[in-house]
Amino acid sequence: MATKETELLDEMKSKFKVDGKIQRERRIWVSTDEKKLMEMSNWLKDRGFVHLSAISVTDWLEEGNYELTYHLWSYNDKILVTLKIKIGRKNPAIDSVTPIWKESAQIHERELHELFGVKFKGNPDLSPLFLEDWERSPPFRKDFDWREYVREEFYDRENEREKVYYD
Amino acid sequence: MIDQMEPVPKDTEYDLYFGPAHPGSGNFGVKLKIDGEIVTSARADPGYLHRGFEKLMEYRTPLQNAVLSDRLCVLEPLNWNLIHAEAVDNLMGIDVPERAKYIRVIMAELSRIQSHIIWYGVFSKGTGFDTGFKMAFGYRDYILDLFEMITGGRVYPAGYICPGGVRRDFPNGARDKILKVLDKMDEMIKLEELENPALDARAKGVGILKVEDAIRLGATGPVLRGSGMKTDVRKDEPYEIYDKLDFEVPVRKESDVYARYMIGIEEMKQSIKIVKQALEELPEGEVIASNLERPKVKVEIPEGEVYVRNEVARGEAAVYMVSDGGSKPYRCKIRGPDFLHMIPVLEYLLKGAQIADVPAIYWSLNICPADMDR
């Protein structure tokens, strides 16, 4: 049976030559690459996906990739489309979707820039958001060991009560 | 010497820090630039409550995370319990017992009511109506008593809504007590609805957020509904048992502070209606899926990813959970509604506002720094 979801997915598959699946009702997951991001985003926005629910990064350490996910919601169709894009983990950079989803995209990208170090090309403001005077590597990367960081910054090996943290 | 000094600024321009030490701001600050009485620009200053939940959850099992998810929002921990539990349920394919679903909805709606009461309280305080603040916190205590009786914790339920269902069934007499508390809530709503010319003067026509701006800035929930857009995750994408319940989604066209304030009151009425219905139809049976009965059981989360959306009191909340097949989530992205409300929306609304309107606009967004900073 042709549902809204299958129609939309077929349309995306034929138009952009992308891979995707319907997870369940109202959930479509599409894998694409960074070259198609802007084109697909523009098309989806025009098709009613006006609400950018979230942008997220998953750090696949072993693969050496960052996976960016853009979660888009359409108030008309009531479908959530997720665009998944893999980029290299070294010097990660991708085009900003700020021109398309404006401020709501801007703030998500600013957060991810701080926590994962992804550079969003074209985002006007990527200044630090939560962390103050942070000079280390972005803290949400999988290879950032926060236990080590806490030991270095806040505990004292000589202190009787705190040396348990070093065992 | 004198010409080496910095030029004297125009004496009507100055910087004002609203928060983080302001009594009404919460753990959050806004840096305002002011010219005379007008705010010329506002810059949010978040981070005072940043605890890195997304990272912490990668180091813990789902049952530990259920407890951690309380702390995502101080004012409505049960709703955040629920969304975390749903994400794990979906990933693991757990069939939640019917009775547990009803209990989850009852608790989530009670939590929404008490959160909206706080909203009313702090909004009153922000606009100079101190009695409203005290009234609100007094009435909220009735619900906290209920929470203590059912979950064991007054404010934080310690993961009462956990993956697989809820931790324990309602104790004896819970139903009658809930109904009694709901009567008290009706009383509270009557008080909230009393005519208040001072409030009208402070709220009407202030902080106008047009619907197209609201969508552009990422507003959801009561803020978006106050701008005239009829949308609610509970209706658009029913989770738990919301598709079986009969309730309205309040919408107002005025788009100002007053509209958002009234949405809060309307939503409380709807929540009361939902709780009554759910209590009426509450089925008998188990409250936790049998394979998860012992909280210390080691669970493996199957490989996969889910994106779960919920309507919490403040708007659209979402959890994006990825698992690589281990016992801990590989990545858990949390989308708090206030991340958008407190940064882009607030900055936009404050720009050009009168300085006296800042608290009214600020609190009309029903803000909670905890789920913004996470």
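**View 1. Overall build of chain B.** Chain B has 14 helices and eight strands; helices (H or I, at least four residues) and strands (E, at least two) are DSSP runs, numbered from the N terminus. The radius of gyration of chain B is 22 Å, close to the 21 Å from the globule rule for 374 residues, so chain B is as compact as a globular protein of that length. That radius is taken over C-alpha atoms, and the rule is 2.2 Å times the number of residues to the power 0.38. Along the principal axes, the C-alpha atoms of chain B fill a box of roughly 80 × 50 × 35 Å. Of the 374 residues in chain B, 54% are buried. A residue is buried if 20 or more other C-beta atoms lie within 10 Å of its own, exposed if 12 or fewer, and partly exposed in between, with C-beta atoms placed from the backbone. Among contacts in chain B with a separation of 6 or more, 72% join residues 24 or more positions apart; a contact requires C-beta atoms, placed from the backbone, to lie within 7 Å.

This is a predicted model, in which local features need pLDDT of at least 70 and side-chain atom pairs count only at pLDDT 80 or more, while totals for chains, interfaces and linings use all residues. Residues are numbered from 1 along each chain as its sequence is written, and chains are lettered from A and ligands numbered from 1 in the order in which they are written.

**View 2. Strand β7 of chain B and its two partners.** Nine of the nine residues of β7(B) (residues 315–323) are buried, so the strand is largely enclosed by the rest of the structure. Strand β6 (residues 304–312) of chain B runs antiparallel to β7(B), joined by nine bridges; strands pair if DSSP finds at least two bridges between them. B:Y307 has B:Y320 in β7(B) as its bridge partner. A hairpin of two residues links β6(B) to β7(B). β7(B) also pairs with β8(B) (residues 331–335), in the antiparallel sense over five bridges. In that pairing, B:V319 stands opposite B:I334 of β8(B).

View 3. Chain A has four helices and seven strands, in the order α-β-β-α-β-β-β-β-α-β-α from the N terminus. Its radius of gyration is 20 Å, well over the 15 Å that the globule rule gives for 167 residues, so chain A is more spread out than a compact globule. The C-alpha trace of chain A spans about 70 × 35 × 25 Å along its principal axes. Buried residues make up 34% of chain A. The domain assignment gives domain 1 (4–129) and domain 2 (136–167) of chain A; such bounds come from an automatic or database assignment. The C-alpha centres of these domains lie 34 Å apart. Six residues of domain 1 of chain A contact six residues of domain 2 of chain A. Helix α3 (residues 98–116) of chain A gives the most to the domain 1 side, with three residues.

**View 4. Two residues with positive phi.** Most residues other than glycine have a negative phi. A:K78, not a glycine, has a positive phi of about 55°. A:K78 lies in the loop between β4 (65–74) and β5 (79–88) of chain A, and counts as partly exposed with 16 C-beta neighbours inside 10 Å. B:R374, also not a glycine, has a positive phi of about 50°. B:R374 is in the segment after α14 (369–373) of chain B, and counts as buried with 24 C-beta neighbours inside 10 Å.

Definitions and conventions: Contact = placed C-beta atoms within 7 Å.
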